[in-house]
Amino acid sequence: MRKRHSHPITLGWLCLSALSLVGCLRPVAPQQAQGTSGGSSTASGSSSATDKSSSTTSTPEPGESSGNTNEQPKDTGTNSQESKKEVTPRNELRRLTPTQLHNALHGVFSKLDRTKIDAALSIPVAYSNDAFANDARYQVISPESLAKIQDSAQAIGDAVASTTNLRALSGCSEASSETECAKALIVSIGGKLFRRPVSEPELASYLAIYRALLAKDSKATALAGLIQALVASPHFHYLPPRAASSQHAYLVAARLSLFLWNDLPDQALTQAAQNRSLLDSKVLLAQAQRMLASPKATRMIRDFYIEMLRLGGMRVRFHPHADRSQLLDSFGAHIARIYKQDTLEALWTLPVNLEPESLAEHFPGQYPGLLAHPMFSWIHAKPTYSDPIARGAVIREQVFCNALRAPPPDVQMLLPPPRPDATTRERFEIHRKDPSCAACHSLIDPLGFGLEAYDHLGQYREQENNKPIDDRGALVATDVNGPFQGVAQLGQKLVQSVDVQGCLAEQWLSYALGRPLRGIDETLLDELRQKLSAKEGALTNLLVAIATSSAMTYEEPKL
Amino acid sequence: MSHLGIRRRTLLGLLGISAATLSSRAFAKAPPKIPQRFLGLWHANGWRVLPRDHPLYDDPQAAMELDKLFFPAQKRAPSYELASVDSPWPDAIAPLQRHQAKLTILDGIANPAMAWGEPHPYGAMTFFSGAEPLAGQMSSGGPSIDHHLSMQNRSSLAGLHVGVGQRVPRVRISHAGAAQPNLSHSDPRAVYARVFAPLIESDNDQAQAKLAELRRRRKSVLDQNAKELNALSKWLSARDKQRLQAHANAIRDAERRLDATASEHETCKRPSELPKINPYLDADTPAISQVMLDLLTAAFACDLTRTGTMFYGYGTGSFVPTWLGGLDPLHVMSHWPHADPRQSVYTATLGWISEQVATLLDRLDNIIQADGQSLLDHSLLMWGSDVGSGQLHTTQDIPVILAGGANGKISTGRVHSFEQGTPVNRLHLTISAAFGASVQRFGEERFCKDGPLRDLLK
């Protein structure tokens, strides 16, 4: 093994970057995986790479370890799949994401200064770099996240109690007793946070918490403790897969609002759940259309594309020239313009309109389409040079829904150092020359090279190191194979690709369900793909179709 | 350092408050047994140690040149006593020589759990867990050894995790379980606020009442949470129940730690003042390191925590040792070829890291416990890295240095030469046994089949 290089000590520079730069993450299509595996395995190490690739369809479940011992076997592949007797339910237990928690608490405690809530909330963001933040698999509570939830709930309780009192907050009448006011508060705030009516036993428990505190502490303390308990409640933090039949409409409402708004149901939606009219498909459709017209939906759609194109989370870093929040706003504005036109054409080819002027001045040149937005080329770059590998890999994985294979363990990741007389593109020539690299990188690099007109800061360029930029790219192993030049032509190809349409439907459905798709989703996915072939209204139609589909309405069988 | 007079103080850090408050019933008796402490130490980009089957080792002269850079007797095999080395140790580890009687150096250890991933991120997150990373995710697939030990022996804080000189956010080398990283603090003031600022006087009634109130609130909330998890679970499949179990476990753990108290021992001192430091400024790195060492020492001495992790540099994002005249980050230096004339700065940087660890050992060794042994004697420090050779990203033969001996359970004073590729998981099993927390497997089962490293256990 490991003997590709004869004088390793004298080789100055390795391929040092994170995984993205070396590419080849997971198998492409089954037939592609064969080819890449054969081409890149040089010796004995290849067997473990194959193991990994076979397990990508059933990714290990982090939640299956309790975290306290090492005794639980980890689900690593097919064996445990076979031994599992229980039918996997369609819906899984989900936790509200930090975004959803922020939105929810801003709404419920709308009188409280937003900054106070933001300061109090310090829930860690999802740990995954690559999955959606709402992916149930990565939402396991650790002791650390529990501590954060507890601290946040306490701080919010204190903040509420320091600015208002029970009577004002519960809105109960002058004549009401302390207990009646407390009950009213639990019913109203608990009902909103839990997204369903508070049950009698729950009401009794929370009232007991309030009374026990009141027996020893001040009214303000008791109120703080009560709010703290409601905000820390698992009923707030979790969206269960099923509920009592009588409450199913509330569950549908919660799924719908968490999907379309990343927020709690509003009054109108709760009303429709309460009178169960939401279970009527016409009412559901009307609600979905009403909700999509709201700015909350615009915010959610932006958040989706940030996650889908992997522009958020740990990747966000400092931009030396532009104001980061302006860049984000401009990205959001671009997405909103796309959804106004509401076509696939707009999604991939609508020119970016960088505003305001103070932002635009940093970005002269052409930005012909979503993938040319500076957010994309800036985030998917190295600190000092563009990263065609990362860009190609993200498009491959997230826009075409291809899974790429990790480099085999024995691969020697040697790259020549940056040279002042070469372009980034020229540096990556080694991927083409070395057959073990080329197997995977021929799928990634030529795609990423098409974005070379944008440097590591997302700025348009015509030269690099005094050499003209070559942004010719090529697509292989897709349904729109062939050469293209720059993002404009790449966008045209994406518009024509049925694979890309299917992938978009897949991404949206996965986002709506809070989990990766499985075999049981095939039928629904096929229906959704059709929606995107429409000439007009394709993008919104897809959302409406998901919002009115079984993804929202499905009632799990009883356990 | 100022003496704390710990008798009338306790820990509020768990309650997330910084008010000067304290409970009267928080004074437990000093534990009858002196607890063992564990610290996972780690630095980025390895040493300059190549696997013994590396082509370069075919040349005896070249092999000798390499061994000179790390091994105390300038040779790696067979095993030998450190006391038998009469020459100064190589510059990269020279400061450790003064602790040779309490050190164990392991050669031949590998971290096979990270084998499929790029070693910098994945080597970091799997070293202390021995569990393969979750596919494509920035998390180990299981708990790390420090967390395992912290669950056996509960102090008020589950663990203290600090890092010096990393230039990337959200570093994770400790995990409570799969997808449950324990993030590290890089700002000493955050550590101080979390751990020490709440250790305060409790003599006035108002302060006591405040603490009692917060404790009541926290307890009733945790209690209610636990009940609701039970209620929720009736709607869940077996798999979802398992996910919820992690939450329930965390609640039980938090409830137990709520009653844990600080040590009343006179050796408990807290650092008096924290200088204003920018944790991301290279020139401040030595100052940050010193403060972090103070904080760790005090947290152990006060029994606020019994486990922790500490690291220097991280992956591709590390400090530039400007105070040593360095112009390049640690990671870049680690890739310099052997013959590069700038190697002396890299050597000095490794020596500086060794000096930090040696200083920590000094401090721990100067704190004498009730039984006359030092805090170091009651501790075990396990120091590793992501690679053996930073230049070539080799993941076989990653040197591991142990210090302290875990109250006499681990033998010290030797270089142990194990077979190349001995999984670090076997060391985790060994340490678990030394801490009375034996397990059959730690991390991936297939790396545990040969059991603990018996040579190390006394």
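Helices α10(A) and α11(A) are roughly antiparallel to each other, because their axes meet at an angle that falls in that class; angles over 145 degrees count as roughly antiparallel, those under 35 as roughly parallel, 65 to 115 as roughly perpendicular and the rest as oblique. The model is predicted, so that local features need pLDDT of at least 70 and side-chain atom pairs count only at pLDDT 80 or more, while totals for chains, interfaces and linings use all residues. Residues are numbered from 1 along each chain as its sequence is written, chains are lettered from A and ligands numbered from 1 in the order in which they are written, and side-chain values use heavy atoms, with hydrogens and water left out.

**Chain A**

Chain A contains 29 helices and six strands, where helices (H or I, at least four residues) and strands (E, at least two) are DSSP runs numbered from the N terminus. Of its 559 residues, 58% count as buried, that is, under 20% relative accessible area with a 1.4 Å probe and protein chains only, against over 50% for exposed and partly exposed in between. Among contacts in chain A between residues at least 6 apart in sequence, 70% join residues at least 24 apart; contact means heavy atoms within 4.5 Å.

**Packed helices**

Two packed helices are described by the angle between their axes and the distance between the axes. Axes are lines fitted to C-alpha atoms, for helices over the stretch in contact, and angles run from 0 to 180 degrees between N-to-C directions.

| Helix pair | Angle | Axes |
|---|---|---|
| α10(A) (200–216) and α11(A) (219–231) | about 150 degrees | 8 Å apart |
| α13(A) (248–260) and α15(A) (281–292) | roughly 25 degrees | within 11 Å |
| α7(B) (285–301) and α9(B) (343–365) | roughly 30 degrees | within 10 Å |

The residues of the contact of α10(A) with α11(A) comprise ten nonpolar, two polar and one charged. Here Ala, Val, Leu, Ile, Met, Phe, Trp, Tyr, Cys and Pro count as nonpolar, Asp, Glu, Lys and Arg as charged, and the others, Gly among them, as polar.

Helices α13(A) and α15(A) are roughly parallel to each other, and α13(A) passes α15(A) in a right-handed crossing. Their contact includes A:Val252 and A:Leu256 from α13(A), and A:Leu284 and A:Met291 from α15(A). It has seven nonpolar, two polar and no charged residues.

In chain B, α7(B) passes α9(B) in a right-handed crossing. Among the residues that meet are B:Asp294 in α7(B) and B:Arg363 in α9(B). This contact of α7(B) with α9(B) has six nonpolar, six polar and two charged residues.

Strand β10(B), residues 379–385, has seven of its seven residues buried. In a regular strand the side chains alternate between the two faces of the sheet. B:Ser379, B:Leu381, B:Trp383 and B:Ser385 point one way from β10(B), and B:Leu380, B:Met382 and B:Gly384 the other way.

Seven bridges join β2(B), residues 37–43, to β10(B) in a parallel arrangement; two strands pair if DSSP finds at least two bridges between them. B:Leu39 has B:Leu381 as its bridge partner in β10(B). Three bridges join β10(B) to β11(B), residues 400–403, and these strands run antiparallel. B:Trp383 stands opposite B:Ile401 in β11(B).

B:Gln166 lies in the loop between β5 and β6 of chain B, and counts as buried because its relative accessibility is 4%. Beyond its neighbours within four places in sequence, B:Gln166 is in contact with residues including B:Tyr280, B:Phe311 and B:Tyr314.

Key: A crossing is left-handed if the near helix is turned anticlockwise from the far one by less than a right angle, and right-handed if clockwise.
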